[in-house]
Amino acid sequence: MLHLPRAIEDPRVKFWYIPRTGGFLAAPVADHEGDVQLVLSCDLLGLDRAFTSDELALVGELATKLSETLFNIELNYAILNEKSVGELTAAAEEHATTLATAVEAAGAEVEADPLAVLNATESTCKALLAPLTAEAHLKYLKTRKACDPAVLLVLKAVMYLFAPEARAMLADASWSSVKAEIDSGSLPWEEIFSSIAGMDVMASQEPEAWDGAQALISPELKEEPEPAIDPEAVKASSLVTSMLLDWFKAAKALFTTKFEKEKAEAAAAAEAAAAAEAEAAAAAAAAAEGEAAAE
């Protein structure tokens, strides 16, 4: 601990307003590896006295208890994360088999509907995420001071789809600012899995939203390109984020194919309508000419 019995006389101490006499105390709160996590500061400024030995011992004891409490909190987060990763790993293995079966079944219908395989892939990825909750599967990630850049891009891209009012800030948002927005309720963190479960990609009509999310998840699309996201690196850093990435890629592919098909069908319908209208006009003109000739 750093104890300055007369802080006013120490050149390391800066008073922002009126200097006052008295003691100052700073006690480091370390983690289980000895790294300082925070500093507990106390002062007797204005009382014109130093800390007593009993007070020093009390603050030292408090710093130790804080250290133990922080360790227990972090240990509980680690246990929660270990359990989550174990559950997700087992679910992912089962999911891979389910996905292969679904894609194979859909492949038999691909000539009738080119969207069948993409729809099957998106649906099975969605089914894997549906039972998850932020409390059980994202809490550990949210408590981290730092976040892997690739993981952050994936999280921002997925939330971009469901938070229209926050899209402008997400582009350049840091992990700390994202967490602040989550705490304020501006970003759909708690509802992220239920939002995915409730999304009907085939009914979506927001190409700007999907393209904006894709631009976040693919930094190489920016004017100043960054390295592309490595799915394996994302998986190694955060398994749940890797699953979100798999769903997003499947959903984006499905939406793009569906949207292009709808555009092509709309263009064909407009062309057919124009041709029918031209044909009707020509027939009307011919009939008018025939009437005129008969007269």
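## Close-up views of a predicted model

**View 1. Aromatic pairs in the chain.** There are five aromatic pairs in this predicted model, where rings of Phe, Tyr and Trp (its six-membered ring) pair if their centres lie within 6.5 Å. Planes under 30 degrees apart count as stacked, over 60 as edge-to-face and the rest as tilted. The pair of Trp210 and Trp247 is tilted, because the ring planes stand at 45°, with the centres 6.4 Å apart. This pair links distant parts of the chain: Trp210 lies in helix α9 (residues 207–217) and Trp247 in helix α11 (residues 239–294), 37 residues apart. Helices (H or I, at least four residues) and strands (E, at least two) are DSSP runs, numbered from the N terminus. Trp210 counts as buried at 1% relative accessibility, and Trp247 is buried with a relative accessible area of 0%. Buried means under 20% relative accessible area, exposed over 50%, partly exposed in between (1.4 Å probe, protein chains only).

**View 2. The Phe255 and Phe259 rings in helix α11.** Phe255 and Phe259 form a stacked pair, because their planes are at 15° and their centres 5.4 Å apart. The two residues are four apart in helix α11, so about one helical turn separates them. Both Phe255 and Phe259 are buried. Ring pairs join Phe255 and Phe259 with Trp210, Trp247 and Phe248 in a cluster.

**View 3. Surroundings of Thr241.** Thr241 belongs to helix α11 and counts as buried, with 0% relative accessibility. Leaving out residues up to four places away in sequence, Thr241 touches Leu141, Val151, Val154, Leu155 and Val234. Contact means heavy atoms within 4.5 Å.

**View 4. Surroundings of Val178.** Val178 is part of helix α7 (residues 175–184), and at 0% relative accessibility this residue counts as buried. With residues up to four places away in sequence not counted, Val178 touches Leu152, Lys156, Met159, Ala173 and Leu187. From Val178 to Ala136 the C-alpha distance is 19 Å, and 42 residues separate the two in sequence.

**View 5. The whole chain, for orientation.** The chain has eleven helices and three strands; from the N terminus on, the order is β-β-β-α-α-α-α-α-α-α-α-α-α-α. The radius of gyration of the chain is 31 Å, whereas a compact globule of 295 residues would have one near 19 Å. This radius is taken over C-alpha atoms, and the globule rule is 2.2 Å times the number of residues to the power 0.38. Along the principal axes, the C-alpha atoms fill a box of roughly 120 × 50 × 30 Å. Of the 295 residues, 33% count as buried. Among contacts between residues at least 6 apart in sequence, 64% join residues at least 24 apart.

**Notes on the views.** Residues are numbered from 1 along each chain as its sequence is written, and side-chain values use heavy atoms, with hydrogens and water left out. In this predicted model, local features need pLDDT of at least 70 and side-chain atom pairs count only at pLDDT 80 or more, while totals for chains, interfaces and linings use all residues.
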